[in-house]
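Visitor: Hi, I'm new to this one. Could you walk me through it?

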Amino acid sequence: MTKSVTTEMHGEIAVIRIDNPPVNALSHHVREGMLRELGAAQENNAKAAILVGRGGTFIAGADIKEFGKPPKEPMLPEVIHQIEAITIPVIAVIEGNTLGGGLEVTLGCHYRVADAKAKLGLPEVALGLLPGASGTQRLPRLLQNPVEALTMISSGRPINAAKAEAIGLVDKVVDGNALEAALEMANGLNNDNLDARRISKIELTMTPELEAVFDGAMVEIAQKAKGSIAPVKAAECARAAYNIPFDEGMKLERQSFLELMVGDQSQALQYMFFAERQSPKPPKDVTGAPRDVKKVGIIGAGTMGGGIAMTYAEAGFPVTILEMTNEALDRGLGTIEKNWARGIKSGRITEAGVAERMSRLSRTTSYDDLADCDLVIEAAFETMEVKRNVFRKLDATVKQGAILASNTSYLNVDEIAAETNRPADVLGMHYFSPANIMPLLEIVRAEKTADDVLLTALAMAKKTRKTPTISRVGHGFIGNRMLTPYLRQANLLVLEGASPAQIDKALTDFGWAMGPFAVSDLAGLDIGYKSRQDQELSEDETRIYTAADRLVEAGHLGQKSGSGFYAYDPEIRGRSENSAATEIIEQVRSELGINTRAISDEEIVERTQFALANEGAHVLAEGVATRASDVDVVYNYGYGYPRWRGGPMHYVDTVGLKHVAAKIAEWSDSAQSVHWNPSDLLMTLADEGKSFRQWDAENS
Ligand code: 3HC
């Protein structure tokens, strides 16, 4: 087997290269190899050693695939300790992604030279962990500025090389050949005072002023963490660096790291790391290469069309927007410009930047102007009749070989495709509002969608920085379909005695970004009202939404009308109880003859979350989604599901499918039986003592 760490002598300097594609992670053989090669360099009296990664990137961190497996010596903290203790100077060449354990390795080195394009960070908290190989102890010692160190350790956000130089994280930044600069540095070094370069030897002292800084920072970190415990633990370790000696700090860091590693949150976040990388992978039966897309057309300049146009223009594509009237185009383009211009104040974009993006947008009211587009995305009004009409026109005007996509959020893409003479070129590309911000893209692979069309949609997701998931055709695809039973339970719970505010609070405490009633108010209650009317729901189903329907009929449409389930104060943009809504709810309960009862937060969480997962299981069994982890990606990126809980499917795995199945069986046997449709897949997995994760492993 070829070695993943090798040495090349450049005169008296040992250049030690780490070669572990794709990201040079610190797998066991890399840890072993670094010590072996550094030991040899020292023994052979090299003047200095340089650590550099192959492929233009240093080390992206610990090998996440080794997590959960029996640990193998040498462990990373020990490797870093030995690097620091070595008797010849060691220089790290920081290039590409130098992250997590990779950055910690550089902190064990005596000097750091960075390429100008390098990204440096400690992203462990995104995996529910903390820097566990001395990052919480060495970084504060090196930077001396506790706020900068705390920010890097607790936010997980990487910084660029210029910032790294400004805060004292690196000794030199090079716009060119960083290895050459490191060699030059190495040749000029003498190792008389190597101890001064050993970060663990730096002493930190806590002062009352610093205590106050930490107190303030800890409150902010806890708030931003939104229920995730790793950022808080990471910050506590960094704070301890000022209070206890290095060795004790290392013990605290290790213990905290190991505790987090086995916890549910880190397990969920590690699972999501792989889930989001799995989700964009095309199904095994799909072959070929994506088509070339140079120009994009968008039908509709409303909220969705405008957001999608922004997405493509931001990614550098020329975009032609079609609307029915010039007034609609004026409105739509005006909104787009305003949205971009908002970023000028915050420094996200310059005036020239906005002008450049605007110059990528053309406008038209004629389908003929879309003829030369390679991809046209329809974001017109959400009715089948409108969609059919649009696709007939597109079929007649747009060049052959172009991809015709619908942004429908519910409708049957096969039916839309059948309206054209080229159904193989048609698919769904379902964006989430606001489309330029929300990362999810549900790609709907219709019956006749050609492989290269699907691959093009995936490629476009990557180019526009979206996280794609592939769905098959089915009412509401993956995400919106699952929303129905979730909202059904939320509305039933209101009838049974919970208030919208109690439900929203229970679910935001659970970790959701927003509760279902706050979301409904934001979206507009008239939207659900109209969709219920269009669907001709059963009497049982209609009954559940009596209060919501009455609110709309009384003019409470949500935020846009100043009141819905809540009342909204436009001045302070706060929400409070809407007494009119409370009255309507009480009235409806009494008309329906419901004896209300006290409902626990636990029941709220279980009924809504199990309903979500139960529908997710139907979605899987029907083949609408391929993997449970794809369902979880949809909920994380499109619906504000707490990432540290994984997603609805991972969550019920954590709870235990036996318990989930027993509860669903109990509810299906009760007065609310008509509202439950237990999934055979979920029930069978529970019977067999399996999980959705196992199902994924066996089926994909
Ligand atoms: N360990 C194992 N595999 C990794 C990995 C890691 N640290 N980082 C990335 N990979 C794998 C991915 O799973 C993917 O595999 P696949 O092709 O089979 O799906 C492949 O490398 C390429 O990854 P990306 O698709 O993410 O490539 P990008 O170029 O888009 O991004 C990256 C590169 C920015 C390095 C990104 O992969 C990333 O953020 N990686 C994780 C970095 C991280 O979290 N490091 C900290 C680890 S924890 C730690 O170090 C603990 C220590 O403190 C003790």
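Predicted model: local features only at pLDDT ≥ 70, side-chain atom pairs only at ≥ 80, totals over all residues.

Visitor: Okay, which residues come nearest to the ligand?

Guide: Ala62, Glu104, Glu124, Arg277 and Lys281 do, out of 25 residues around the ligand. A residue counts as near if one of its heavy atoms lies within 4 Å.

Visitor: And what sort of residues make up that shell?

Guide: There are 14 nonpolar, 5 polar and 6 charged ones. Here Ala, Val, Leu, Ile, Met, Phe, Trp, Tyr, Cys and Pro count as nonpolar, Asp, Glu, Lys and Arg as charged, and the others, Gly among them, as polar.

Visitor: Which element gives the most to the shell?

Guide: That's α11, with 3 residues. β5 (97-99), α3 (101-108) and α11 (264-278) each supply at least two. Helices (H or I, at least four residues) and strands (E, at least two) are DSSP runs, numbered from the N terminus.

Visitor: Where does the backbone come in?

Guide: A backbone N or O atom of Ala60 sits 2.8 Å from a nitrogen atom of the ligand, and one of Ile64 is 2.9 Å from a ligand nitrogen atom. For Gly132, a backbone N or O atom lies 3.0 Å from an oxygen atom of the ligand. Taken alone, the ligand exposes 990 Å², and the protein buries 72% of that. Those areas come from the Shrake-Rupley method with a 1.4 Å probe.

Visitor: You mentioned β5. What sheet is it in?

Guide: An open sheet of 3 strands, in the order β5-β7-β8, with mixed pairing. The edge strands are β5 and β8 (159-160), each pairing on one side only. Two strands pair if DSSP finds at least two bridges between them.

Visitor: How do β7 and β8 pair, parallel or antiparallel?

Guide: Antiparallel, over 2 bridges, with β7 covering residues 119-121. Leu120 has Ile159 in β8 as its bridge partner.

Visitor: New topic: is β3 buried or exposed?

Guide: Mostly covered: 6 of the 6 residues in β3 (residues 48-53) are buried. Buried means under 20% relative accessible area, exposed over 50%, and partly exposed in between (1.4 Å probe, protein chains only). Ala48, Ile50 and Val52 point one way from β3, while Ala49, Leu51 and Gly53 point the other way. β3 also pairs with β2 (residues 13-18) in the parallel sense over 6 bridges, and Arg17 stands opposite Val52.

Visitor: What about helix α25, how many of its residues are buried?

Guide: 18 of its 21 residues. Just after α25, Gly623 takes a positive phi of about 80 degrees.

Visitor: Which residues have a positive phi without being a glycine?

Guide: Asn45 is one of them, at about 55 degrees, and Glu536 has about 50 degrees. Asn45 is in the loop between α1 and β3 and counts as exposed because its relative accessibility is 64%. Glu536 is exposed too, at 73%.

Visitor: Last one: where are cis peptide bonds?

Guide: One joins Pro21 and Pro22, with omega about 5 degrees. Another runs from Ser433 to Pro434, with omega near -5 degrees.

Methods: Residues numbered from 1 in each chain as written. Heavy atoms only, no water. Polar contact = N/O pair within 3.5 Å; in protein donor to acceptor, adjacent residues only side chain to side chain.
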